[in-house]
Structure formats: C-alpha cells, structure tokens
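Subject: Structure handover and notes

Dear colleague,

I am passing on the structure we spoke about, with notes on a strand and some helix contacts below it. Please read the notes with the structure open beside you.

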Amino acid sequence: MDKPSVTVLVPVYNVEKYLEHCLNSLAAQTYESISFVCINDGSTDASPQILANYSRADSRFKVISKENSGYGASMNIGLDMCESDYVGIVEPDDFADSHMFERLVALAENTGADMVKSNYYEHHTGDDPQSDCLVENLGQGLPFGEPYSVADDRRVLWSAASIWSGLYRRAFLVEEGIRFLETPGASFQDTSFNLKALMAAKKVALASQGYLHYRIDNSGSSVKSPSKVFPICEEYAEVWRFLRPEGTERYDSFATAIANIQFKGYCWNQWRLARRYCEQFFDRFLDEFRQLEARGLLDKACWSDYDWNDLTQLLEEPDAFFARVCGARGIRKTVIVFAGLATSDAELRAFVATVDDDEEIAVYAPGNQSLVESVRQLEKEDLRVRLLPEVSGSGLMELSSMRGDVIRVATLEGTKRSRCLAGLFRRDRA
C-alpha cells in the first residue's frame, strides 16, 4: 500500500489471551489509509505466532520483534518506523470501535489540531462491548469539537493520561522531540508523553464520544517489585526537563499546574506500593516537594482544599502524613507475632513493651477475636503495631507487606506450627 495517513502502534508483551480481540478490532477499521505496527517486546507466550498470522493475512500489519527492553523502548521504535501523517496507539489488551480512527482523523483534519483526544469505555472481559460504560475522563465544560490551546484552559491536564484514546500529528511529535522514557518494564511511561504533548500542542481538539474500550480486569501490573517504586519520579523529572528553562512562556503557563498533578500522582503511588517500599518512596516524595516549595511552585490557586490540606500536612507533619497509610517511620525490622487462642491483651502489651523502636509488630491471631480487638486498639496507640489478616488457604504469607530488612518470628501461647517457624532471618535470604 502507499504511505498510510495513520500508523497505529501496538506494543505487545505476553498478551495472548486478548491479542486477537485487539487485532480484529484494528483489522475492521473503516478508515482505509491506515497501517498497524506491532512491536513484540520479547514475548514468551503465543503472542509472536498470533502476530505472524495477522501479518501474513493482512499487509497492513507490520511486526517488529526485539529482545525485552520495556514499553518505552517499544514505543520509540514504533515512532521511528512511522512515515504517516498521524500516529495512534492501541494497547494489545484493549480494542477499538471500527470507526475510531475515521472519527479521530476527521476531527484532526477539521480543526488543524496537533493532537486530538477522546473519552473512552471501560470493558470487563466477557461483557457485551455495547454495554460498556463511557468514562468521561475529559470532564465537563471543555471546548469539545473545536481547537484550543491548553495554556488557555489547563483543565485537561488533570485527566487520566489515556494516550491510547487519541491521535497525534507525527510532524508535531518530531518537531517537539516528544518521545517515551525508556525505563524498564511498563510503569507510568504514558505520564510524561501525555503531558508533554498537551503542553506543546498549539492546537488540541477533544471529543466527548468514546471509541476505545479499555480493559480493566487485566491485572498484569505489580506493586511488589522494587523496579515499580520510582518510575513515576523519573516521568515527572522528564516533564520538568521539558518545561525548562524557567521564565519561558511554556514554563510560566504550566509549572504550577504540573506541581499539583505531580502531587496527586505521588499520593496515588504512595498508597498503592507494597509496605516494603513505602518509606523509600516517601523520602523522595517529601524531598521533591520541599524543593518545589522552595522554588515557589506550590500555588494554592491550582489546588483543591482537600489536596492543599494534604500538602500542608506532608510539609509540616511528614510523620503524620506517612502514618495514615504505613504507620511509624524509621522501621528497620519486623517481628511477626503468632498469637494462640489463649493469648491475652496483657500478654501482648507486655511483649510490645520489649520491642525496639525501629521494629514493627505484625500480629497474627487466627480465631482469637478478643485479641483481634486488642490489636485494633493497639494500632491506634502505637503506630508500630498492626494486625495481619488471616492467611489464605494456600498458607502463604506475603513478605512484601513486611517493612523490615530483618524479620523475626515470635510466639505467644504458640502452636506447634508457630514454634517451628520461630527464629530470625534476613529478607534477601527468605
């Protein structure tokens, strides 16, 4: 085919369960001048075979295979392959309405926009797509269907990134140097790409309709890996790099807004991390916002009262801010307490009094409802104490929920099982 007007990038990594649904939705697009570049990021499942089948059957599908190097690297390879007027993105576990790109191209052409962005649908696997719920991600009151500058109305910056719900003029991306960070894995790389594009575009056009069905029950991501802790920080560092130097029109238009958006992103990341990594992230969170405060970028006019109160607590009472989710700061060790049915409140409190200040106390008290209530009261009195949920039928206890580098096990009125577990071990040997 001649050079297409639209290239759709599809980054693929181990998505055999959903991939055919996605590719079928692309093959059915009503827009004719279109091609699909599928970047296989070292998949180890049947994804490569599925891609090969589609590329043999339909010349619009091109496949690039590489060793696994992450989402950002895949997307940049795809961008380098593009020769089209416009670039779209579809994730391989999502799918598109057949008229998606026809509608987005029409909006871009009619408005002369550098990028267009639409709302989207949420999809549960097995549901009828016709019943999918429209997510009004772009909010109310924005100038839908007409070109405008985000500097004149910044509200769209606060919408979810959803880079797969839009279309981008390729020459604009090249001129502005808008690419993806090539951090390992697939964590947050849409953040800086989306914000850079919105801030740089001379004209943006929004569609209130939805065309992309975003699958929300594919839980492929994890917050238990150390590699997931700081990528969001790298994304915002990239946004600030893009905004500088200070004093430019772009910086003056967006810097205070980005500070608030970054705060909301960091709060979300803080709350979702495994407890093991919460303090590592929090120390950086606090340091970066003290720096933003020193630079005069925390403008209350950009913040809701709720967020401003949280920010104030972060800066003035960091220990209290941290305690709301993770308990005491400065935890270096964990003691897991197995409490028997006869363990009393007094016995537990006596044990807690012997524990070091840098040690959290995680109490496991299956079947002892009286002690469970005692632990819940102790949680309010001593931030080091917390109640462990009862272990599932597998009998496994998730160590990522423990904050200490060293973990020891103690028993109160111990059972045979807990006595066998009693001892001391380092996390990296567990």
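In strand β4 (residues 86-89), Tyr-86 and Gly-88 point one way while Val-87 and Ile-89 point the other way, and all of them are buried, meaning under 20% relative accessible area with a 1.4 Å probe and protein chains only. In a regular strand, side chains alternate between the two faces of the sheet. Please keep in mind that this is a predicted model, in which local features need pLDDT of at least 70 and side-chain atom pairs count only at pLDDT 80 or more, whereas totals for chains, interfaces and linings use all residues. Residues are numbered from 1 along each chain as its sequence is written, and side-chain values use heavy atoms, with hydrogens and water left out.

Strand β4 has partners that run in both senses: β1 (residues 6-12) pairs with β4 in the parallel sense over 4 bridges, and β8 (residues 166-169) runs antiparallel to β4 and is joined to it by 3 bridges. Two strands are taken to pair if DSSP finds at least two bridges between them, and strands (E, at least two residues) and helices (H or I, at least four) are DSSP runs numbered from the N terminus. Tyr-86 is the bridge partner of Val-6, and Val-87 has Tyr-168 in β8 as its bridge partner.

Turning to the helices, α8 (residues 249-272) packs against α10 (residues 305-316) at an angle of about 75 degrees, with the axes 11 Å apart; axes are lines fitted to C-alpha atoms over the stretch in contact, and angles run from 0 to 180 degrees between N-to-C directions. That angle makes α8 roughly perpendicular to α10, a term that covers 65 to 115 degrees. In this contact (heavy atoms within 4.5 Å), Asn-260, Phe-263 and Lys-264 of α8 meet Asp-307, Asp-310, Leu-311 and Leu-314 of α10.

Helix α7 (residues 231-243) and helix α9 (residues 275-294) also have axes 11 Å apart, but pack at an angle of about 20 degrees, which makes α7 roughly parallel to α9, the term for angles under 35 degrees. Here Ile-232, Cys-233, Glu-234 and Trp-240 from α7 meet Phe-281, Arg-284, Glu-288 and Leu-292 from α9.

Finally, Lys-300 lies in the loop between α9 and α10. Although Lys-300 and Asn-260 are 40 residues apart in sequence, their C-alpha atoms are 9.1 Å apart in space.

Best regards

Definitions and conventions:
Buried means under 20% relative accessible area, exposed over 50%, partly exposed in between (1.4 Å probe, protein chains only). Angles under 35 degrees count as roughly parallel, over 145 as roughly antiparallel, 65 to 115 as roughly perpendicular and the rest as oblique.
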